[in-house]
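Please look through the sequence and model below, and then follow the questions on charged and aromatic side chains.

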Amino acid sequence: MTGIANRVVQIFRKRTSMRLTLIEWEAINAICQREHLPRKTLFELIDMNHDESMSLTASIRLFTIIYYKNLYTNASQRTDNQTFYNPVFEAIKGIV
């Protein structure tokens, strides 16, 4: 069983506490590393675009699921004609 980690993050100069499982933190860090994107920037993108009826933590979880689903799906369907595909923006569209 994976543990839960409470971390303080800064989003738009505002400190907030976020509680995710360790595997969720690892997945987010992997996305940021793969996309060469600081975690703070990713969280700010999600915060600007998430459905207001959902918490930021829930939106980050949803973003992570959509990101990996799109990455897996599009990797198997991608053709040489597709020169631009950004899984971060595709996942952001999924949480709006």
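Q: Which residue forms a salt bridge with Glu-44?
A: A salt bridge here is a side-chain nitrogen of Lys or Arg within 4 Å of a carboxyl oxygen of Asp or Glu. The closest N and O atoms of the Glu-44 pair are 2.3 Å apart, and the two residues, four apart in helix α2 (residues 39–49), are separated by about one helical turn. The partner of Glu-44 is Lys-40.

Q: On what kind of model and numbering do these values rest?
A: This is a predicted model, in which local features need pLDDT of at least 70 and side-chain atom pairs count only at pLDDT 80 or more, while totals for chains, interfaces and linings use all residues. Side-chain values use heavy atoms, with hydrogens and water left out, and residues are numbered from 1 along each chain as its sequence is written.

Q: Which backbone nitrogen lies 2.9 Å from a polar atom of the Glu-44 side chain?
A: Not counting residues up to four places away in sequence, Glu-44 touches Gln-10, Ile-11 and Phe-12 (contact means heavy atoms within 4.5 Å). The backbone nitrogen at 2.9 Å from the side chain of Glu-44 is that of Phe-12.

Q: How many residues apart in sequence are the parts that Glu-24 and Arg-61 tie together?
A: The side chains of Glu-24 and Arg-61 meet in a salt bridge, at 2.8 Å from N to O. Glu-24 lies in helix α1 (residues 22–35) and Arg-61 in helix α3 (residues 56–77), so the parts tied together are 37 residues apart.

Q: How many salt bridges does the count come to?
A: Side chains of opposite charge can pair when their charged atoms come close. Among the pairs is also that of Arg-34 and Glu-35, at 3.1 Å from N to O, where Arg-34 is partly exposed at 48% relative accessibility. The count comes to three.

Q: What kind of pair do the rings of Tyr-67 and Tyr-68 form?
A: Rings of Phe, Tyr and Trp (its six-membered ring) pair if their centres lie within 6.5 Å, and planes under 30 degrees apart count as stacked, over 60 as edge-to-face and the rest as tilted. The whole structure holds three aromatic pairs. The centres of the Tyr-67 and Tyr-68 rings are 5.3 Å apart with the planes at 90°, so the pair is edge-to-face.

Technical notes:
Buried < 20%, exposed > 50% of the residue type's maximum accessible area, 1.4 Å probe, protein only. Polar contact = N/O pair within 3.5 Å; in protein donor to acceptor, adjacent residues only side chain to side chain.
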